[in-house]
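Hello,

Here is the structure I said I would pass on. My notes on it follow below.

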Amino acid sequence: MTSSVKDLSLAPGGHRKIDWAARHSPVLNAVRDRYLKDGTFEGLTVGVSLPIEAKTAYLTVVLAEAGAEVALASPGPFFVQDDVAAALAERGVTVYASSDNPPEEADRELERVLDHGPDVIIDDRAALTRLLHTTRRHLLGKVRGASEETTSGVAKLRAMQDQGVLEIPTIAANDARCKYLFDNRYGTGQSTITAIMQNTNLMLGGKRLVVVGYGWCGKGIARYAAGLGARVTVCEVDPVRGLEAYADGFDVLPALEAAGFGEIFITATGGRHVLAREHFERMRNGAILANAGGVDVEIDVDALGELARKRYEARRNVEAFVMPDGRELHLVGRGMVVNLTAGDGHPVEIMDLTFAIQALCAHHLANRRQTEPGVHLLPREIDDRVAGIKLQTLGMGVDRLTPQQEEFLREWRE
Ligand SMILES: NC(=O)c1ccc[n+]([C@@H]2O[C@H](COP(=O)([O-])OP(=O)(O)OC[C@H]3O[C@@H](n4cnc5c(N)ncnc54)[C@H](O)[C@@H]3O)[C@@H](O)[C@H]2O)c1
Ligand SMILES: N[C@@H](CCSC[C@H]1O[C@@H](n2cnc3c(=O)[nH]cnc32)[C@H](O)[C@@H]1O)C(=O)O
């Protein structure tokens, strides 16, 4: 089937971006050479839903080179770099994506991916998996399994499992240590702060910055912001995580209190309306709001619109909401995942680790090494292998326990 992209003439710029990602992806390259070329993917179809940018593109190129037919769509038009989509169409990956597509038609593009009849799925926020269980049920039988990219997607899959409706094996790629410890923490930390600074052109040093949610993403954001001199306050609902934030050197306060003094607010919870009307009513003139969480309802943008007497584009990717009392609140990246909708996503080296994990999850499922319907973890030794390869590419390494040390740890007698 043929790709459907915005403009094929944009391909040269996309090729350069993909080549750059390939050059900085030593782990995925090693995984390709050591594991993916064993014929597993010959004759199989891999359906992918991920933000379409250079690192995602390189993952799909690697899978295609390993013999798979790959079909790709994005979770929506705000996650599409058209030059990359055009380049991919030229590299033998079928891609259904354009930044011009209406957001409400995102499911249609994803269904076109499913209509390829995938054997294996690489998913983001469980979008393909949910469609597979609803509008494309007739394709369920062919799917060997799905690998899930993000925390919010894993939560959806667990909800499906709890309700007894998940009919395929899935791997929580997000829950691999080589994923969340680096991608969610350092990747989100760097790329969220970069996107906010790039789009506002404002300084971070000295600013009162509020991070809502101190999970892996929130920890990364707080750490990078503090490193650049911001005065960080954390808001949590989990007292232990709040205490952890305190021990890491941050103030911890309820969001309503922080609303009154924050100058920059970043949400990273995966929850709904964590910043809402009552917070907007207290915020200072000029406050900046951005979301780094995986759902686009963390900031109640509808309420912000209802409160505002006027809204206008203050800068590219920055929308100003003028309140009845004259205060302006500035929303970066539409309240969607800011590092992707208003930035280039995570650093290449981070996605190199994430996509090495994803490639191995796909390989695992393609080989039917996990056949039980439900949500599963990637076997620990595969995670260890990826970390080992990364250390090797850095010219570093770790030690191994000696047999005596292993025995000491196993033995309970002194
Ligand atoms: N921007 C990115 O590139 C990126 C990368 C990875 C994950 N994500 C997404 O970011 C979100 C967070 O991921 P994570 O891995 O950090 O999850 P996590 O579960 O480790 O952390 C979420 C934290 O938010 C807290 N929380 C929930 N509701 C809250 C509320 N109303 N107020 C304050 N705190 C609240 C929870 O207690 C938890 O500590 C998810 O939606 C995930 O999909 C985004
Ligand atoms: N696309 C989702 C939200 C994604 S949440 C964030 C996920 O994006 C992933 N991510 C972050 N940066 C990049 C990137 O540059 N390329 C591809 N995926 C990325 C990251 O691994 C994380 O788990 C939606 O429908 O709203």
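Subject of the first note: helix H9

The buried residues of H9 pack against helix H8 (177-200), strand E8 (208-212), strand E9 (231-235), helix H10 (239-247) and strand E11 (264-267). Please keep in mind throughout that this is a predicted model.

H9 covers residues 216-227, twelve residues in all. Nine of the twelve residues are buried, so H9 is mostly covered, a residue being counted as buried if 20 or more other C-beta atoms lie within 10 Å of its own. The buried residues are Trp216, Cys217, Gly218, Lys219, Gly220, Ile221, Ala222, Tyr224 and Ala225. After H9 comes Gly229, with a positive phi near 95°.

Domains

The protein is divided into domain 1 (4-175 + 346-393) and domain 2 (187-335). Taken over C-alpha atoms, the centres of domain 1 and domain 2 are separated by 30 Å. Contact between them involves nine residues of domain 1 and seven residues of domain 2. On the side of domain 1 that touches domain 2, H7 gives the most, with three residues. By class, that side of domain 1 has four nonpolar, four polar and one charged residues.

Helix H7 also holds Ala159. From Ala159 to Gly343 is 184 residues in sequence and 31 Å in space, C-alpha to C-alpha.

Ligand 1

The shell has 30 residues, and the closest are Gly213, Gly215, Cys217, Gly270 and Gly294. One of these, Cys217, is also among the buried residues of H9. Helix H7 (151-162), H8 and H9 each supply at least two residues of the shell. H8 has the largest share, with four residues. By class, the shell around ligand 1 has twelve nonpolar, 14 polar and four charged residues.

Ligand 2

Around ligand 2 there are 21 residues, of which Pro75, Thr150, Gly294, Gly345 and His346 come nearest. Helix H3 (54-65), helix H14 (338-341) and helix H15 (348-366) are the elements that give two or more residues to this shell. Its residues divide into seven nonpolar, seven polar and seven charged. Gly294 is named in both lists of nearest residues, for ligand 1 and for ligand 2.

The sheet

Eight strands form an open sheet with parallel pairing, in the order E1-E4-E3-E2-E5-E6-E7-E16. Strand E1 (4-5) and strand E16 (374-376) stand at the edges; each has a single partner strand, so one side of each is left without a neighbour in the sheet. Within the sheet, strand E2 (residues 45-49) and strand E5 (residues 120-123) pair in the parallel sense over three bridges. Val48 stands opposite Ile122 in E5.

Regards

Methods
Residues numbered from 1 in each chain as written. Chains lettered and ligands numbered in written order. Predicted model: local features only at pLDDT ≥ 70, side-chain atom pairs only at ≥ 80, totals over all residues. Near = placed C-beta within 6 Å. Nonpolar A, V, L, I, M, F, W, Y, C, P; charged D, E, K, R; others polar. Expected span 1.5 Å × (residues − 1). Contact = placed C-beta atoms within 7 Å. Pairing = 2+ DSSP bridges. Domains from an automatic or database assignment.
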